[in-house]
Amino acid sequence: YMSRDPPRESRDLREIINETTTTTTTTTKRNDEMRPNRPTTTPMATTTGGGGGVPGTAALLLALLRFFPSTTSAVDASDAVVSSNDGYAMYVWTHAFDASAPECGGVYPDPADKDGPCFYHSWETPAARSRLWSSCEIPGREVSRIFLSDVKGRVEHGGRNGVGECDPALIDLLTEARARGVEVYGLYAVSDADFSEKDMVGDLNMFNAECGTAEARFDGASVNNEHFTSIKSCDGTDDEAQRDFLDNLALARDGAAPLPLHFSVSWNWECCSCSSSTYRPRRIEWGGTSDETALYHMIDVADSVDVQVAWNTGSTMERRAAAPYAYWDALKGGGSSTSTSSTAAFYVLAYLNPNADCRLSFAPHARGSSAAADACSTGDRTEAGMYDAFDEVMLSQPLSRGGLHYMGGVYSTGMPGWPAHLSPSAPSPPPPSPPSSTPAAPTSSPVSSPPTASPLPFDCTSVASRGECDGYEPCEWNGNPSNGSCGDAPPAGCGARGAACVLDADCCKVCRGNDKCS
């Protein structure tokens, strides 16, 4: 979508952006290949503002970029490296929060019982996958790469599951993803000192060899090992453990090959002291170099990375991602003087699940809260606020992409400020027939007649008041957690409670995990 030779109006807009948001990097010849130096400016020099909104001028530019993407890109096509992964990335962990579950009232239980009634498997059933794909297909905000959990047991037996089969649900997901142009990376997250993921990622290649087809195969491997957080001392006592970690990361890359390796990093792995006044980089000798930080070594190894910036304002997200982005851009992005992988990508990760510190996440309530939405001193903790923050980051880091952590954390749940995305744009393959021991839902279930008018706004945070939306789409919040109204009436002929269903659209309400309307 990036124009190589934009018209004069577009070029002027780009010049305005570049005048105010410039990242400077240099390159140096070392070991017969081009590798970037550290950024020439201290990455922590920018002070953190209290709010997360985009300044007025920047907001206007972002609006123009969004409405005229073919002619007003901040980057020329000749600068772009990323091709198939121009969209967002999203983590798809095993369990997703069900904000509509009456037992939970739209509030995360603390501690979270992932096997309890407040959660459902995020992709195993046709209904869950329908919701996943709908959530990946928001116009202008498409997700083009997912990091998929609950894969290990389905591929660890020579590419097959525990009963020796090519896992049916996994085949269905991969087939549906490829039909939609979504890349699927198998996700491993043991996070131990042994870096056990290095011995697991090869199973994805076994699956591709034994079970994969042109329509159903893994596109990459993803690793989330955060053991480095426990060995990041800068006094020398952890140096050997840090080098072991880097060695193991390289082994994971080799084990995943020929699939590309994605790795998740923390922004503060780059520095010993990360404040603007006492900033000190975490340099470590590894791989023949001694003047690079541990985080830069990780970027060297992995094909793509996401940086956990752990904040809910665009200004702080941009500041925390600045140093790793500048290094990545010079090595693998638009500033690279050498060829790079078409799957190389740099994602700035936003936390979308409740955290004890509300400032670290875009979730509408903190962990342990008793309300679906509570107050926080920073950030616009809504879907729109998250996208605004990503847009602000892209003003100075134009080849970066947003990373969503995670599907069903709060994203696409229907929680305050987080609409549920339920209408797929493409049909899913038909689900397998239910086991013969499971009686099918009656085909003659009663059909509800949709109401003729939507109720007036009411308090959406009350479980009892949600009954006022009976027969309508779930409650929609209007910018205020206590001011909402029901969504559109369902189509005539929708299935009532107990009717057989595949998609939510088949029901007057929701297609539950047991493939029956609720």
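The legends below describe close-up views of a predicted model. Local features need pLDDT of at least 70 and side-chain atom pairs count only at pLDDT 80 or more, while totals for chains, interfaces and linings use all residues. Residues are numbered from 1 along each chain as its sequence is written, and side-chain values use heavy atoms, with hydrogens and water left out.

**View 1. A barrel of 8 parallel strands.** The strands close in the order β3-β6-β7-β8-β9-β12-β13-β14. Strands (E, at least two residues) and helices (H or I, at least four) are DSSP runs, numbered from the N terminus. Two strands pair if DSSP finds at least two bridges between them. Strands of a sheet pair through backbone hydrogen bonds, either parallel or antiparallel.

**View 2. Strand β7 beside strand β8.** β7 covers residues 183–188 and is joined to β8 by 4 bridges. The two strands run parallel. L187 has S222 of β8 as its bridge partner.

**View 3. Helices α8 and α9 crossing.** α8 spans residues 294–301 and α9 spans residues 314–332. Their axes come within 10 Å and cross at roughly 35 degrees. Axes are lines fitted to C-alpha atoms, for helices over the stretch in contact, and angles run from 0 to 180 degrees between N-to-C directions. The crossing of α8 and α9 is right-handed; this word applies if the near helix is turned clockwise from the far one by less than a right angle. L295, Y296, I299 and D300 of α8 make the contact with A323, P324, Y327, W328, L331 and K332 of α9, where contact means heavy atoms within 4.5 Å. These residues divide into 8 nonpolar, no polar and 2 charged. Ala, Val, Leu, Ile, Met, Phe, Trp, Tyr, Cys and Pro count as nonpolar, Asp, Glu, Lys and Arg as charged, and the others, Gly among them, as polar.

**View 4. Helix α10, largely enclosed.** 11 of the 14 residues of α10 (residues 383–396) are buried, so the rest of the structure largely encloses this helix. Buried means under 20% relative accessible area, exposed over 50%, and partly exposed in between (1.4 Å probe, protein chains only). The buried residues include M386, Y387, F390, V393 and L395. Charged side chains such as E383, D391 and E392 are also among them.

**View 5. The disulfide of C166 and C211.** A disulfide is a covalent bond between the sulfur atoms of two cysteines. Here the term is given to a pair of cysteine sulfur atoms within 2.5 Å, and the count comes to 5 disulfides. In this one, the S to S distance is 2.1 Å, and the link is left-handed, with -80 degrees about the S-S bond. C166 lies in the loop between α4 (152–155) and α5 (168–179) and C211 in the loop between α6 (202–210) and β8 (220–223), so the pair ties together parts that are 45 residues apart in sequence. C166 is partly exposed at 25% relative accessible area, whereas C211 is buried at 7%.

**View 6. The disulfide of C358 and C376.** The sulfur atoms are 2.1 Å apart. With 85 degrees about the S-S bond, this link is right-handed. Both C358 and C376 lie in the loop between β13 (345–351) and α10, so the pair ties together parts that are 18 residues apart in sequence. C358 is buried, with a relative accessible area of 16%, and C376 is partly exposed, with 23%.
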